[in-house]
Amino acid sequence: MPDTGTLAKPTGAAAQKTEHFDVLIVGAGISGIGSAYHLQQQCPDKSFVILETLETFGGTWHTHRYPGIRSDSDLYTFGYRFKPWTGDPIASADKILNYMEEVIEDNDLDRHIRYGHKIVSADWSKDDALWTVHAVRVDTGEELRFTTNFLWRCQGYYRHDQGYTPDWPDMEKFKGEIVHPQTWPEDLDYKGKKVIVIGSGATAATLVPAIAGDCEHVTLLQRSPTYIATVPERDELSVKLRRFLPEMVVYRMARARNIGLQRLVYRLCQQRRGLVRRALLAAARRQLGDEVDMKHFRPSYNPWDERLCAVPNGDLFKVLRRGEASIVTDHIDRFTENGIRLKSGEELEADIIISATGLDLQLLGGAELSVDGETREPRDVLVYKGVMLRDVPNMAMVFGYTNASWTLKADIAAEYVCRLLNYMSRKGMQQVTPKDHDGSDTDKTFLDLQSGYV
């Protein structure tokens, strides 16, 4: 697939044909598919189309293909409210994709999806009460044009064609391979090799135990420690309840329980930070034993200032304790021919260096957004209810929770948009625009995280 990071607005005769839909959904990932379901169920009179840049559905779960890729939220809360999750609470990407495929097939959503359609620009016309959306076919470069009464953006918040990698000194001198997990080569051979994984988040915590058994050795290199908590790989209670209760009942019970636990943990992290910190560190110590220095697991920040990293059955702790992997906390001075030299003067040798350093943030897929010809920068605009942008008519964007499962908020946002569309229809309204009459501007970002890539 060609690099679609920078695109120009289509011009010329090829863009003359126009298709119109009541609602245009952008993105066929977890948010887009969920939004389409709610729209079809709650607004059955609305025509709609889903435009997706990638060649298939799945978004994040299609883009990321590194070894061990899995959810970092439990699937009883990450799953859709309307579709029971019947597997283990922590699931691999292929199982999540199978789940999404069932949602698409069960609700006949595939006929609404146009794959390989990259949105380039969207312009609102007040006089016409319409969005004009310009797109290109990724495979052919064909220019397309759509009009819609309501634009529903479900594209997430990062670029899918590349990840974030810092510009470290002398990277070009390294004789081995440098890989970002987001663009994992299918033919990458790490068996019997020395591997360094740079990072301290969920990706690094997933990768290290997934490849440790095949490598000569894996070193997890982090700039600063992260809170890591062990979670059960199986939900034994739900397994037992399925023997005599309907699947949806078991799912709702597990979902309610886990939502309650998530809220409790987050609230404790805000109100009893010292208590939670001591509990997390004590749990890590019990699993690591005396073989691993606890300095690598004592963050300088409070719990949930950054996302809490969950590992199923403590798999990361196990490979560290067994010596299949090691962990180093230091800053990178520069790359060398044979690895990485640290600020401390130590040099780590490697055949492969994996940069698990985060995402390249990008709102609305990088498309140009304008209202009556005036450009709107989403990052500079006040967000209303976490769904709409100030002074931007007839547009919603779905952005999930960062301190709980993404889909919980995506479901709520979709239901809100459907209520809004139905209200507009009942009242005969063509336009709805969030206005700020109270001077509510703030420097706070709704991402509300302190991760390095943010």
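**Close-up views of a predicted model**

**View 1. Surroundings of helix α9.** The buried residues of α9 pack against α5, β11 (228–231), α8, β12 (309–312) and β13 (325–329). The model is predicted, so local features need pLDDT of at least 70 and side-chain atom pairs count only at pLDDT 80 or more, whereas totals for chains, interfaces and linings use all residues. Residues are numbered from 1 along each chain as its sequence is written, and side-chain values use heavy atoms, with hydrogens and water left out. Helices (H or I, at least four residues) and strands (E, at least two) are DSSP runs, numbered from the N terminus. In α9, the residues Asp315, Leu316, Phe317, Val319 and Leu320 are buried (under 20% relative accessible area, 1.4 Å probe, protein chains only).

**View 2. Crossing of helices α8 and α9.** Helix α8 (residues 273–288) and helix α9 (residues 315–322) have axes that come within 9 Å and cross at roughly 45 degrees. Axes are lines fitted to C-alpha atoms, for helices over the stretch in contact, and angles run from 0 to 180 degrees between N-to-C directions. Ala284, Gln287 and Leu288 of α8 meet Phe317, Leu320 and Arg321 of α9, contact being heavy atoms within 4.5 Å. By class, this contact of α8 with α9 has 4 nonpolar, 1 polar and 1 charged residues (Ala, Val, Leu, Ile, Met, Phe, Trp, Tyr, Cys and Pro count as nonpolar, Asp, Glu, Lys and Arg as charged, and the others, Gly among them, as polar).

**View 3. Threonine 206 in helix α5.** Threonine 206 lies in helix α5 (residues 202–211) and counts as buried at 5% relative accessibility. Its side chain is joined to that of arginine 70 by a polar contact of 3.5 Å (a pair of N or O atoms within 3.5 Å; within protein, one must be able to donate a hydrogen and the other to accept it, and residues adjacent in sequence count only if both atoms are side-chain atoms). Neighbours within four places in sequence aside, threonine 206 is in contact with Tyr66, Pro67, Gly68, Ile69 and Arg70.

**View 4. Isoleucine 119 in strand β4.** Strand β4 (residues 117–125) holds isoleucine 119, a residue that counts as buried at 4% relative accessibility. Leaving out neighbours within four places in sequence, isoleucine 119 is in contact with Val26, Leu51, Val133, His134, Ala135, Arg153 and Ala367.

Key. Buried means under 20% relative accessible area, exposed over 50%, partly exposed in between (1.4 Å probe, protein chains only).
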